[in-house]
Amino acid sequence: GTVLDAEEPPNPVEGVSICVDRMYGSFNPACSDTDSNGMYQLAALPAATDYVAYVIPEHLGYKREMWNDVPCPDNNCEYSDGTPITLGPDHAPGKDFNLERDTGITGTLRRADNGETLGYGEGRVWLYKTDGTAMGSVRTEHDGFYRIIDIDAGDYYVLAGPQDGDLIVELWNGPAAEGVPCPGLTCNPASLPGAVIAVTGGNVVENIDVELDVGSRITGQVRLNGDPVDQAYIYIYDNSGAYLRYGITDGSGFYQSRTGFPPGSYRVANRRTVDGFGEQNLAYIPMAYPNEPCGNPCNVMVGSTIVIGGPGDVQNIDFDFAEEPKSTISGHILDDQGYPNPGGGVEIFNSAGEWIDTFWVNEFGYFETFPLSPDSYFAWTIHTGEYVDALWDGLTGDNCPNKLCNVMDGSPI
């Protein structure tokens, strides 16, 4: 077939790959590139009735699609949605493509100190509207190249930084200008003097390149009773208490911030978090550097300021963790006559409604949890035989047969 663009008149597109696969991905894809006339040919394929063809043209600023104008959203082709192509006993000519221009931004990330491009996955680029609305992010591909495609026409800012390393997160400020430091995940590009990137429909704005300056990383050791603490999260803030970034300790208790920071004043703390990445530091008393208890949630302003004055990492921002005192929940399951019920168990949930564990009673109807971190907990009984299960309400328990109630409607413990 032939690959043309969607202009009037259409022009041949040279140097894009056409690949074929089976509709359900059971075939090793075969690919061929278009020549100067936009022509391609794939030969020596076994006969089948469920081939699907797709074009890979995004490096030239076009949208990826499957044959017969079937789109591939976000460049992900669902082969089962393609139009089947029958091959054999005859050839399959005329499988032509008319490519539409994509809308997006591309560029390259480099180190400012030596000009080296960032490697695959080593850099990240965030896209923002000019009102500060975050539009998502992408990682670098080969040779520091990044692409943000399939976006609406409009005005944007680009923020770039390392996925993990000593470079500073910076706002693109024009092709010949220094980037504007904007460290941290709370950075608001709309509040800084960055350059606006105007993107029109069907146009890819190229060469939005950023040279990232080397910053200073905040590093230290975390210990508990003199022993290193592994997988502890240490959080970095600016001097006003706005969250910037974090570091994670290794097996030796050593941590370092996941980006470099420009000269300025910062604060560091260990705080408890429960988020999409799981639970962090729940076993330890929240502290702001240097080992000042900061409460829960942590008030980082009770700690000391850490000053970055120039090149080089800031070292020895150490923590001596203290374990959070833990307590157990215990009690009995009693029958309607007040006698111990020798069967069943108690399920415990935390304040987020997350199941902790089930604790079975002994022959005296007694149960006890393992040590729990400070929180508000909720409980109900399960598998109590001929008796109706109950939700703990602070008194004798509300009936809750077969969990047909909301455990969070009970009384917190």
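**Contacts, burial and salt bridges**

Q: Which residues does Glu-292 contact, leaving aside its neighbours within four places in sequence?
A: In this predicted model, Glu-292 is in contact with Pro-286, Met-287 and Val-302. Contact here requires heavy atoms within 4.5 Å.

Q: What makes Glu-292 partly exposed?
A: Its relative accessible area is 37%. Buried would need a value under 20%, and exposed a value over 50%. The value for Glu-292 lies in between, so the residue is called partly exposed. Glu-292 is found in strand E28, residues 292–293.

Q: Why is Arg-111 called buried?
A: Arg-111 has a relative accessible area of 19%. The cut-off for buried is under 20%, so Arg-111 qualifies. Arg-111 belongs to strand E9, which covers residues 104–111.

Q: How do you know that Arg-111 and Asp-166 form a salt bridge?
A: The N to O distance between their side chains is 3.1 Å. A salt bridge needs a side-chain nitrogen of Lys or Arg within 4 Å of a carboxyl oxygen of Asp or Glu. The pair meets that condition, so the term applies. Arg-111 in strand E9 and Asp-166, in the loop between strands E13 and E14, are 55 residues apart, and the pair links distant parts of the chain.

Q: Is Asp-166 buried or partly exposed, and what makes it so?
A: Asp-166 has 23% relative accessibility. Buried means under 20% and exposed over 50%, therefore Asp-166 counts as partly exposed.

Q: What makes the contact between Arg-111 and Asp-113 a polar contact?
A: Their side chains are joined at 3.1 Å, and the limit for the N or O atoms of a polar contact is 3.5 Å. Salt bridges that share partners also join Arg-111, Asp-113 and Asp-166 into one network.

Q: Why does the pair Asp-164 and Arg-258 count as a salt bridge?
A: The closest N and O atoms of Asp-164 and Arg-258 are 3.7 Å apart. The limit is 4 Å, so the pair counts. Asp-164 lies in the loop between E13 and E14, and Arg-258 in the loop between strands E23 and E24, 94 residues apart.

Q: How do you know whether Arg-64 and Glu-58 are buried or exposed?
A: Arg-64 has 18% relative accessibility and Glu-58 has 13%. Each value is under 20%, so Arg-64 and Glu-58 count as buried. Their side chains meet in a salt bridge of 2.4 Å, N to O.

Q: How many salt bridges does a search of the whole structure find?
A: The search finds 7 salt bridges.

Methods
Residues numbered from 1 in each chain as written. Predicted model: local features only at pLDDT ≥ 70, side-chain atom pairs only at ≥ 80, totals over all residues. Heavy atoms only, no water. Helix = DSSP H or I, 4+ residues; strand = E, 2+ residues; numbered from the N terminus. Buried < 20%, exposed > 50% of the residue type's maximum accessible area, 1.4 Å probe, protein only. Polar contact = N/O pair within 3.5 Å; in protein donor to acceptor, adjacent residues only side chain to side chain.
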